[in-house]
Amino acid sequence: MDPKRTDTAAEPISGDPKHAVRATRTAGRRMRSLLLDGASRLFKERGLAGTSISDIAAAADAFPSQITYYFRTKEALFVEAACRDMLYVARATEQAALRAQTPRDYTRALVETVTATDSVAFFAEALTLTRRRPDLAPLVERTIERLHAEGMRAYAEQIERHGWRSLRDPDASSRRFWALAIGVTVEGFAMGRSSEEMAAEMLRVLGDQAAAKATGNRLRLVGSGVTEEASEGESER
């Protein structure tokens with residue numbers, strides 16, 4: 001009698017085309033990430049002109065040809081690295097502000113996180129570069145729209161969570177915040193200002209835009225509408 005046969009699931013075959021494609025894609029994403037990491041650090045330290053493709057390849061333990069394969073040009077790599085850094089900053093600001101219990105603390109957390117990094121200045125350089133390279137503009141445009149959309153979402157969630165009252169539309173607040181962050185950063189770096197000075201300037205210009213939750217039922221006029229009187233100071237997002 002033949003021994004009893006036990007059917008088992010087939011083991012993946014290393015030569016399977018689908019497996020090979022997945023492995024190649026994973027390796028490609030990892031290499032792109034390493035190149036962006038190395039490029040970001042070098043570009044912020046040395047600038048576009050002071051950084052060579054060979055420098056970036058060495059920092060990522062890669063070949064120069066891999067940079068041209070994934071990004072085509074050094075300028076395209078510069079813009080993509082700057083855009084990625086800017087989105088990282090946006091995520092960091094959102095995380096830093098989650099612990100805030102008042103509108104004023106929320107705004108301060110956002111501003112201090114933004115002004116403590118050089119990534120916003122890096123992104124501003126990418127904005128300037130797209131004037132000469134309009135083919136790179138779509139990536140910058142998508143990044144800006146993502147900043148606005150995610151900023152609006154985060155702000156709206158905080159308003160809902162704490163019961164704050166926004167004095168401006170959340171979308172307008174987000175767009176105003178990032179436009180001001182970029183402007184103050186560019187001016188601050190040009191004037192040699194410290195991160196503390198830039199934060200103070202941002203807070204001054206932002207002013208108040210959200211009112212804390214009211215503790216009583218007293219009413220007061222705001223514009224043409226009637227609202228509850230806020231018990232705490234108001235602050236901008």
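## The Lys44–Asp85 salt bridge

Lys44 pairs with Asp85 in a salt bridge, with their closest N and O atoms 2.9 Å apart. A salt bridge here means a side-chain nitrogen of Lys or Arg within 4 Å of a carboxyl oxygen of Asp or Glu. Lys44 sits in helix H1 (residues 17-46) and Asp85 in helix H4 (residues 74-97), so this pair ties together parts that are 41 residues apart in sequence. Helices (H or I, at least four residues) and strands (E, at least two) are DSSP runs, numbered from the N terminus.

Are these two residues buried or exposed? Lys44 has 30% relative accessibility and counts as partly exposed. Asp85, at 7%, counts as buried. Buried means under 20% relative accessible area, exposed over 50%, and partly exposed in between (1.4 Å probe, protein chains only).

## About the model

This is a predicted model, in which local features need pLDDT of at least 70, side-chain atom pairs count only at pLDDT 80 or more, and totals for chains, interfaces and linings use all residues. Residues are numbered from 1 along each chain as its sequence is written, and side-chain values use heavy atoms, with hydrogens and water left out.

Side chains of opposite charge can pair when their charged atoms come close. How many salt bridges does the rule give? The count is 17.

One of them joins Arg153 and Glu94, whose closest N and O atoms are 2.9 Å apart. Arg153 lies in helix H7 (residues 137-162) and Glu94 in helix H4, so the pair ties together parts that are 59 residues apart in sequence. Arg153 is partly exposed, at 33% relative accessibility. Glu187 and Arg193 also meet in a salt bridge, at 2.6 Å from N to O. Both residues are partly exposed: Glu187 at 41% and Arg193 at 31%. Elsewhere, salt bridges link Arg72, Glu75, Arg133 and Asp135 in a network.

## The whole chain

The protein chain has nine helices and five strands. Along the sequence, their pattern is α-α-α-α-α-α-α-β-α-α-β-β-β-β. Of the 237 residues, 38% are buried.

Contact means heavy atoms within 4.5 Å. Among contacts between residues at least 6 apart in sequence, 68% join residues at least 24 apart. The accessible surface of the chain is about 13,800 Å², and 52% of that belongs to carbon and sulfur atoms. Accessible areas come from the Shrake-Rupley method with a 1.4 Å probe; for residues, only the protein chains shown count as cover.
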